[in-house]
Amino acid sequence: MENQFFIDSDTLSEEALKRKHRLETDPSSRINHMEYLPGMEKIESDVMEQVMSHMKSYDYSKYTARDVQAALQHDHCSVEDFKALLSPAAEPFLEQMAERARLETGKHFGNTVYLFTPLYIANYCENYCVYCGFNCYNKIQRMKLSIEQIESEMKVIADSGMEEILILTGESRSQSDVEYIGEACKLARKYFRLVGLEIYPVNTDEYHYLHECGADYVTVFQETYDSDKYETLHLAGHKRIWPYRFEAQERALMAGMRGVAFSALLGLSDFRKDALATGLHAHFLQRKYPAAEMSLSCPRLRPIINNDKISPLDVHERQLCQIICAYRIFMPYVGITVSSRESATFRNGIVKIAATKVSAGVSTGIGDHESKYSGKESDGQQGDEQFEINDGRSLDKMYSDIAEEGLQPVLNDYLYV
């Protein structure tokens, strides 16, 4: 396809540099980000239209303290209440929001906090996303684990006590095809009770195949729901096609996946509108697929290798806390994940209020779990990381810290029969 490629060298060729410059400076050189490419499945769904209608009409400046107080007094949080809780008018009420969120979390999750870890199996990518360390023009050490290396990494992680794993790749079909990811899922089922995927979006039949291989749920970051801003950040590759990415979770549910997760990368665009769209995306799909398990992530931009293209818009911890509390009040039953992008202090606090899932023993690099977990020096190649993490606690440390907060760390609550 046009603009599909990856760079696997320490230096970019003159032709590649010219193409990169053209993509950055000449919008006419880019493919239409709203038109599906050949091979991309279209589904009949009104979810996108509903989400975008609310997002485009959302004027958060119109909400007042009275609107926020009314939202907090209602037994059930409406879409309009959710909008009020995400508005600047809600910031002075953060303490009350946190208390309401804590009560809702307790009703649906008790005092449990779930633990998981990600495993990156490849960092080749065919997309040019200007904020991502894996982007095809970023000069990093690329690596794809062999099946034997994947099993070795999984064994190291499983031996630490972890029972849930999230498998990730860079977005490159040519290097990490669906069959390769499927083999990783089959291996993961040998070692873990719960298997998640965070890969490039695929069609329904491919999601069905991956589910048959052992995948339980699918996570997709929309990055930003502002399609105009999205166009300026995703300059090449399949990921550039905004609507195909938007519909990924629904295709996964149509294929039989038990659960799906949603996220915007806060700081790329207007975080209040992105948070609204993320929540509504999950909300409307939950109404359409009531048996599905929904979860939300709340990542903020983190530094990457060779980043010179984007400065994140300010989303401070207080604002992040507001978003997470609003999510919990609006959707008391959804899982909320706070990743290692955030500090240990913030994560220790937010799990007592609204978050129900955190990662531990995290690496965003490729092939380094043995050295990371055992302290042994690696004797092989390793791939560079996608972004810098903030909280590097091991599973044991995370487990003990959660327990010391009076919470119950949970490694798995699924039983396959």
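How many disulfides does the model hold, if a disulfide is a pair of cysteine sulfur atoms within 2.5 Å? The count comes to zero. Select C136: the nearest cysteine sulfur, that of C125, is 6.7 Å away, and C136 is in no disulfide.

Before moving on, note that this is a predicted model, in which local features need pLDDT of at least 70, side-chain atom pairs count only at pLDDT 80 or more, and totals for chains, interfaces and linings use all residues. Residues are numbered from 1 along each chain as its sequence is written, and side-chain values use heavy atoms, with hydrogens and water left out.

**Two cysteines**

Stay on C136. C136 counts as buried because its relative accessibility is 0%. Buried means under 20% relative accessible area, exposed over 50%, and partly exposed in between, with a 1.4 Å probe and protein chains only. Now pick C298, also buried, with a relative accessible area of 4%.

**Strand β5**

Select residues 217-223, strand β5. Helices (H or I, at least four residues) and strands (E, at least two) are DSSP runs, numbered from the N terminus. Seven of the seven residues of β5 are buried. In a regular strand, side chains alternate between the two faces of the sheet. Here, Y217, T219, F221 and E223 lie on one side, V218, V220 and Q222 on the other, and all are buried.

Pairing requires at least two DSSP bridges between the strands. L197 has V218 of β5 as its bridge partner.

T219 is bridged to A261 in β7.

Show helix α8, residues 204-213, as well. β4, α8 and β5 form a right-handed β-α-β unit. Right-handed means that, with the strands pointing away from the viewer, the path from the first strand over the helix to the second runs clockwise.

**Helix α12**

Go to residues 271-288, helix α12. Of its 18 residues, 15 are buried. At the N-terminal end, D270 is the cap: a side-chain oxygen lies 3.1 Å from the backbone nitrogen of R272.

**S359**

Finish in strand β10, residues 357-359, at S359. S359 has a relative accessible area of 3%, so this residue is buried. What is in contact with S359, leaving aside neighbours within four places in sequence? F116, P118, V338, S339, S340, R347 and M398 are (contact: heavy atoms within 4.5 Å). A polar atom of the S359 side chain lies 3.4 Å from the backbone nitrogen of S340.

Key. A disulfide is a pair of cysteine sulfur atoms within 2.5 Å. The expected span of a helix is 1.5 Å times one less than its number of residues. A polar contact is a pair of N or O atoms within 3.5 Å; within protein, one must be able to donate a hydrogen and the other to accept it, and residues adjacent in sequence count only if both atoms are side-chain atoms.
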